Every structure is written in structure tokens, then in C-alpha cells.
Amino acid sequence: MNGLVPAGGTPLLIGGKLLPGGSGTFETVDPATEEVLGYAANASAEDMDAAIAAARTAFDDTDWARDHAFRAYCVRQLRDAMRDHIDHLRAITIAEVGAPLMLTSGPQLEGPITDLTFAADLAENYSWETDLGTAEVMGITSRRFVRREAVGVVGAITPWNFPHQINLAKLGPALAAGNTIVLKPAPDTPWCAAVLGALITEYTDIPAGVVNIVTSDDHRLGAQLVEDPRVDMVTFTGSTQTGRAVMAGAAATVKRTFLELGGKSAAIVLDDADIAAAASYTAFSVAMHAGQGCALTTRLLVPRAGYDDAVAAAAKTMAGLRAGDPTQPGTVCGPVISARQRDRVERYIEIARAEGGRIVTGGTRPEDRPRGFFIDPAVVADVSNSATVAQEEIFGPILVVIPHHGDDDAIRLANQSHYGLSGSVWGRDQERVRRVVNGVRTGTLSVNGGLWYSADAPFGGYKQSGIGREMGVAGFEEYLETKLIATPA
């Protein structure tokens with residue numbers, strides 16, 4: 001596709017070297033055309049072992065963890081290299097992820113690159129040591145200091161839906177905090193991670209072994225990374241089911257885990273809101289990137305009296321956002337990532353019908369797109385909050401509309417979920433809105449269309465939506481240990 005993607009496929013990055021995979025190569029496919037784009041290095045267990053060893057050596061035997069200014073410089077180098085190759089990266093992202101062009105100027109590409117600035121600035125400006133003053137204990141007066149230090153070797157396992165955003169939300173803070181890292185990206189989007197290896201080796205001074213990138217279609221390599229005792233921390237973004245397996249695998253060595261998992265977030269519309277406008281806004285957000293976002297508000301909770309109007313408004317919006325070519329500027333809903341994911345979405349449509357749901361619009365493959373993993377955005381009505389489509393994360397463009405009977409009932413329905421990742425509240429009475437916000441058990445909330453996403457904003461969930469926070473100072477501190485030191489006063 002370009003100079004960043006060699007004809008023979010993208011290599012691994014291990015110990016500062018770009019290497020072929022011990023298990024050959026595997027295909028990466030354009031979800032909009034079903035055509036094979038090319039190949040990525042397919043790592044073996046031996047490759048993963050070498051990557052972990054390289055990261056361990058780089059952390060233990062170099063000054064990387066202690067040279068804050070140098071780390072900030074290197075993170076900015078990576079940012080600048082990505083900016084200098086933005087057109088190539090954009091083309092790869094659209095082709096491999098199926099990401100709509102419009103999103104690459106935001107969270108699919110340009111936004112995460114800019115966010116590296118925040119991580120670099122933290123490396124320079126963070127208070128690495130705090131003086132607690134003196135205290136007398138058992139007749140001894142001591143001066144105490146709290147020092148923050150890097151955790152060590154970080155294993156990062158990332159998904160395919162927003163690969164640049166999630167890869168960089170882990171790489172940036174982890175590196176700025178002084179860690180070394182082994183990144184294993186999803187096999188659906190290996191190029192988006194592997195091209196970082198080419199940029200790092202050619203355009204940055206990041207020392208050998210500090211960043212290692214291991215692409216593979218073998219999920220067992222993820223388990224290997226999680227379980228290896230040389231790895232001090234695992235950061236994982238993906239499904240709650242896999243997150244449980246990550247926790248179990250990390251338990252044997254009691255390593256730190258950061259988990260950003262699934263969601264089934266609710267948009268709560270109060271009876272004093274513009275119900276049609278709120279429904280339309282929510283439908284638009286669920287159609288974006290074919291609904292492949294963990295924080296999307298895929299449950300729309302509306303007052304019973306405004307239910308029909310909300311369903312009609314959501315359906316009108318969805319019908320105008322048919323799945324289309326992601327290379328076109330006006331496309332909001334591109335393809336889902338794979339045939340497997342399209343089949344999953346279609347299966348949930350059939351489950352909704354079987355449970356008495358009404359498919360108001362969408363949920364079928366576009367007739368004008370015989371190739372590609374497209375499915376038109378769907379509105380599902382007339383199901384309860386306990387229905388399968390209202391409780392399980394689908395990762396497709398399906399919005400479920402559910403009536404509520406007042407503010408307290410809306411809070412109850414929103415919290416009636418294993419998840420607690422995100423949500424929104426729509427209403428004019430600020431006191432009522434504040435009460436609803438306080439009642440919803442979720443990690444992020446939007447009020448009347450406010451956007452919470454930014455580099456300095458901690459993102460994460462309650463309940464089975466995860467452990468810890470990504471981004472912001474809180475996300476940076478996930479990658480730090482706390483050391484308490486006492487000296488004679």
C-alpha cells in the first residue's frame with residue numbers, strides 16, 4: 001500500500017529489530033471489499049518469548065525508567081513521525097479497519113496522535129516525588145518521601161475497533177511513565193500496530209527493547225503474555241469474557257491488571273427534554289463506525305408518553321445512515337470488521353424477533369453492496385430491558401428503544417446491567433438531571449450532548465466494564481508503583 005507496508009508483509013518489532021514471524025504470515029482483509037490487503041508477520045511462541053525478554057532487559061539494564069526528559073522527547077518523536085506519515089496511516093486505517101474517512105480526523109487517527117503530547121508533557125511535569133514531612137513513631141523522628149516509579153514490563157493487548165486510539169492510549173502513558181512494553185494487537189488489524197514498529201525504528205530514539213510489537217493470529221500468545229512472570233502488568237481492552245480470562249491468567253503471578261471491557265450503555269431521556277432530538281442524536285452515535293464502540297449508548301430509555309415519537313425519530317435518522325463506502329467523506333456507517341462480526345449482528349436481529357421485538361428499520365445487508373461486511377443500522381422496538389438485545393453487547397449498529405415510567409424507573413433500568421461503562425442524560429431541569437446523573441452507576445456520562453473524550457479525561461467503567469482508568473493523570477498513574485521512603489530527620 002505504501003512504504004510503511006513492505007510487499008512481503010509487516011514485520012514484528014523485537015529488541016529493536018524488524019523481524020519475520022516464526023509462524024510465517026497471515027492475511028489482513030479490507031472489510032469493505034473482502035479483498036486481501038496483504039500480510040502481517042505471524043509470531044510464534046518463541047517470538048513472544050523473545051519480545052518479553054527484550055522488554056525485561058531494556059527495563060532492567062538501561063536508564064529508560066529514570067530519564068524523564070528523554071522519554072518525553074521520544075514520545076514526541078513518535079507523535080511527529082505519525083503526523084509526517086498521516087496520509088499513509090489514514091489509508092491503512094480506512095482499508096484495514098473499515099473506519100469512515102470522517103472519523104480519521106478524530107478518534108480513529110489524528111486525535112490519538114495529538115494525545116501523545118499529553119503523555120509526553122506528564123513525563124516532564126509530573127511530581128515524581130512528594131515530601132510528606134516528618135513524623136515521630138516509637139520515639140524516632142523520620143522524614144518520609146513518596147516516590148512514584150514505573151511498574152516495569154507492560155503487556156498490552158488491544159482490539160480492532162479503534163486500534164490507533166487504544167494502542168496509543170496504552171503506549172503513550174506506559175512509555176512516558178518509564179515502562180517497557182510488549183504490544184499484541186488484534187489479528188483483524190495488525191498493520192495499524194505494525195507500522196508503529198517501522199516508525200519507531202526509523203524516526204525515533206526509543207532504545208531497543210523498549211517497544212516490542214508482536215502480531216499474530218494465535219490468541220494463545222495473548223495468554224502467554226499475560227501469564228509470563230517477567231511481565232509486571234497487563235493492560236487489556238476488549239470483551240468482558242476475555243477480560244475475565246486475563247484476570248485469571250494474571251492471578252498466578254499477582255500482576256497488576258488494567259481492564260477496559262464491554263458496555264451496554266443507556267441514553268436516558270427525561271420527559272422535559274426534546275425527545276425526538278435526543279433520539280436522533282443517539283441513533284446517529286450508534287450508527288457511527290457501524291456501532292463498533294464499547295461506550296456507545298445502545299439502549300435508548302424514553303418516557304412512555306413519548307415512546308412512539310422517539311422510535312420514529314430514531315428510525316428516521318438510522319434510515320438516512322445506510323452502510324456505505326468508508327472512503328467517502330459523507331459515510332458515517334461503514335462495514336463491520338469481519339464476516340464473523342456481521343453474522344453476530346444478524347444473529348442478534350433474529351434473537352430480537354424471536355423475543356417479540358419489532359425491527360423498525362435496518363438490520364439487513366444493503367442490496368447495493370454485494371461484497372463487504374455491511375449491515376444497515378437498525379432500530380429495535382417493543383422489547384423489555386431484560387431482552388437479550390438490551391443486555392448483551394453486540395458491537396454492531398443496533399439501537400434498542402425502551403420506555404420508562406419516570407426518573408426513578410429510568411435510573412433503575414439504566415443500572416439493570418452487568419456493565420457500567422458510559423451513558424447519557426437528556427433533560428432541561430438541571431436539578432432533575434443532576435439527580436439522575438448521581439443515580440446512574442457508570443464511569444462516564446454525557447449530559448445534553450456534552451463530550452467527555454479527551455487526553456486529560458480518565459476513561460473506564462464500573463462493574464463488569466473494567467478495572468482502572470485509561471487516559472488522563474489517572475491513566476498515567478496506572479503505570480506507576482508507589483514507593484515510601486523514610487530517613488532520619
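Threonine 235 counts as buried, at 0% relative accessibility; buried means under 20% relative accessible area, exposed over 50% and partly exposed in between, with a 1.4 Å probe and protein chains only. The model is predicted, so local features need pLDDT of at least 70 and side-chain atom pairs count only at pLDDT 80 or more, while totals for chains, interfaces and linings use all residues. Residues are numbered from 1 along each chain as its sequence is written, and side-chain values use heavy atoms, with hydrogens and water left out.

Threonine 235 lies in strand E10 (residues 233-237). Strands (E, at least two residues) and helices (H or I, at least four) are DSSP runs, numbered from the N terminus. Leaving aside residues up to four places away in sequence, threonine 235 touches Val154, Gly155, Ala156, Ile157, Lys170, Phe258, Glu470 and Tyr479, where contact means heavy atoms within 4.5 Å.

Elsewhere, an open sheet is formed by 3 strands in the order E5-E6-E22, with antiparallel pairing. Two strands pair if DSSP finds at least two bridges between them. Strand E5 (129-137) and strand E22 (480-488) each have a single partner strand and stand at the edges, so one side of each is left without a neighbour in the sheet. E5 is joined to strand E6 (residues 140-150) by 8 bridges, and glutamate 129 stands opposite arginine 147 in E6.

As for cysteines, the whole structure holds 0 disulfides, a disulfide being a pair of cysteine sulfur atoms within 2.5 Å. For cysteine 192, the nearest cysteine sulfur, that of cysteine 294, is 17 Å away. Cysteine 192 is buried, with a relative accessible area of 0%. Cysteine 74 also counts as buried, at 0% relative accessibility.
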